[in-house]
Amino acid sequence: MRPPPTPQTTPPTRGALYTDRPIYRPGQVVYYRGVLRLDDDASYQVPGGRVVTLTALTYGNGSETRIYTGTATLSAFGTFRGQFTLPAGAPVGEPGLSFPT
């Protein structure tokens, strides 16, 4: 006989994140939006009220530079939005905005 499955305390999360445009200059405002769901074996749940931490990095000249870290609170629908200003001295490179799932 197989043992019963062990219940998982928190289902894994799935999310999507996007910005208002693909390219920015130092000193410009980045507007972002995202959505997060709990993936309970093909049954998605909304994790409203949860706080997510976002990190923006830029990759250039063979290094990675953190240019923003902030938080956003999920709405009752599991969505979030926000903005931040790129530092005037931000290195030029390929930027990335992410949050842990």
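T55 counts as buried, because its relative accessibility is 16%, where buried means under 20% relative accessible area, exposed over 50% and partly exposed in between, with a 1.4 Å probe and protein chains only. The model is a predicted one, in which local features need pLDDT of at least 70 and side-chain atom pairs count only at pLDDT 80 or more, while totals for chains, interfaces and linings use all residues. Residues are numbered from 1 along each chain as its sequence is written, and side-chain values use heavy atoms, with hydrogens and water left out.

**T55 and its strand**

- T55 belongs to strand β4, which covers residues 51-60; strands (E, at least two residues) and helices (H or I, at least four) are DSSP runs, numbered from the N terminus.
- Once neighbours within four places in sequence are set aside, T55 is in contact (heavy atoms within 4.5 Å) with R66, Y68, T69, G96, L97 and S98.
- Strand β4 as a whole is mostly covered, since 7 of its 10 residues are buried.

**The sheet around β4**

- An open sheet of 3 strands has the order β5-β4-β7, with antiparallel pairing, where two strands pair if DSSP finds at least two bridges between them.
- The edges of this sheet are taken by β5 (63-73) and β7 (94-98), each of which has a single partner strand, so one side of each is left without a neighbour in the sheet.
- From one strand to the next the twist averages 15 degrees, with axes being lines fitted to C-alpha atoms (for helices over the stretch in contact) and angles running from 0 to 180 degrees between N-to-C directions.
- On one side, β4 pairs with β5 in the antiparallel sense over 10 bridges, and T58 stands opposite T65 in β5.
- These two strands, β4 and β5, form a hairpin with 2 residues between them, and N61 in the turn has a positive phi of about 55 degrees.
- Between β4 and β7, which also run antiparallel, there are 5 bridges; here A56 stands opposite L97, and L57 stands opposite G96.

**The salt bridge**

- The structure holds 1 salt bridge, a term that requires a side-chain nitrogen of Lys or Arg within 4 Å of a carboxyl oxygen of Asp or Glu.
- It is formed by the side chains of D39 and R14, at 3.4 Å from N to O.
- Because D39 lies in strand β2 (residues 29-39) and R14 in strand β1 (residues 13-19), the pair ties together parts that are 25 residues apart in sequence.
- D39 is buried, with a relative accessible area of 14%, whereas R14, at 45% relative accessibility, counts as partly exposed.

**The chain as a whole**

- The protein chain has 7 strands and 0 helices.
- Its radius of gyration is 17 Å, well over the 13 Å that the globule rule gives for 101 residues, so the chain is more spread out than a compact globule; the radius is taken over C-alpha atoms, and the rule is 2.2 Å times the number of residues to the power 0.38.
- Taken along the principal axes, the C-alpha atoms fill a box of roughly 60 × 30 × 20 Å.
- Of the 101 residues in the protein chain, 28% are buried.
- Among contacts with a separation of 6 or more, 58% come from residues 24 or more positions apart.
- The accessible surface of the chain comes to about 7,100 Å², of which 53% belongs to carbon and sulfur atoms, by the Shrake-Rupley method with a 1.4 Å probe, where for residues only the protein chains shown count as cover.
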